[in-house]
Amino acid sequence: MRRKEARVEVRMTEHEKEALKRKAAKNGMTVSEYARTLLANSDDATIRVIDTEPLRKAAHELAKQGTNLNQFMRFLNTYGSNALDHEEAKAVLGKEVAAFSEIMEALAALRREADRNNVHLKIEDFDNAEND
């Protein structure tokens, strides 16, 4: 057996590292053996990618709508409900509910599609949508 001198460094989260350790142990291998086997010897390795950018943008828009809703509630608390047109308020709130429902449906569809294709989603990426 040849001495292995070349190194490849891979950065990952603790969660990913633990998953890698579990998979290696399940196959009776060290993490290095498992990773080497997957990376160097597998001709059928496929990477499945789902573009989540549209959902990130939708989540950002939803956060902006939340700000609008907060301003609306502040207006109501300051001036009372008699200071606004109730039909207009219903229309605005209806749009907020529709936008929220649409995003939730899209996220659920994305999760179903990912599960069906054995794709891991990193939903935590959405936590930073409003920081972009």
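A residue is termed buried when its relative accessible area is under 20%, exposed when it is over 50%, and partly exposed in between (1.4 Å probe, protein chains only). By this criterion, 15% of the 132 residues of the protein chain count as buried. The structure is a predicted model, in which local features need pLDDT of at least 70, side-chain atom pairs count only at pLDDT 80 or more, and totals for chains, interfaces and linings use all residues. Residues are numbered from 1 along each chain as its sequence is written, and side-chain values use heavy atoms, with hydrogens and water left out.

The protein chain comprises 4 helices and 0 strands, where helices (H or I, at least four residues) and strands (E, at least two) are DSSP runs numbered from the N terminus. Along the sequence, the pattern is α-α-α-α. With contact taken as heavy atoms within 4.5 Å, 59% of the contacts between residues at least 6 apart in sequence join residues at least 24 apart.

Helix H3 (residues 53-79) and helix H4 (residues 86-116) have axes that come within 11 Å and cross at roughly 155°. Axes are lines fitted to C-alpha atoms, for helices over the stretch in contact, and angles run from 0 to 180 degrees between N-to-C directions. H3 and H4 are therefore roughly antiparallel to each other, a term applied to angles over 145 degrees. On the H3 side, Leu55, Ala58, Ala59, Leu62, Gln65, Leu69 and Phe72 meet Ala89, Leu93, Glu96, Phe100, Ile103, Ala106, Leu107 and Leu110 of H4. By class, this contact of H3 with H4 has 13 nonpolar, 1 polar and 1 charged residues; Ala, Val, Leu, Ile, Met, Phe, Trp, Tyr, Cys and Pro count as nonpolar, Asp, Glu, Lys and Arg as charged, and the others, Gly among them, as polar.

Within H3, the residues Leu55, Arg56, Ala58, Gln65 and Phe72 are buried, and the buried residues of H3 pack against H4. Proline 54 also lies in helix H3, but counts as exposed at 52% relative accessibility. The C-alpha atoms of proline 54 and alanine 106 are separated by 9.9 Å, although these residues are 52 apart along the chain. H3 is followed by glycine 80, which has a positive phi, near 85°.

Key
Angles under 35 degrees count as roughly parallel, over 145 as roughly antiparallel, 65 to 115 as roughly perpendicular and the rest as oblique.
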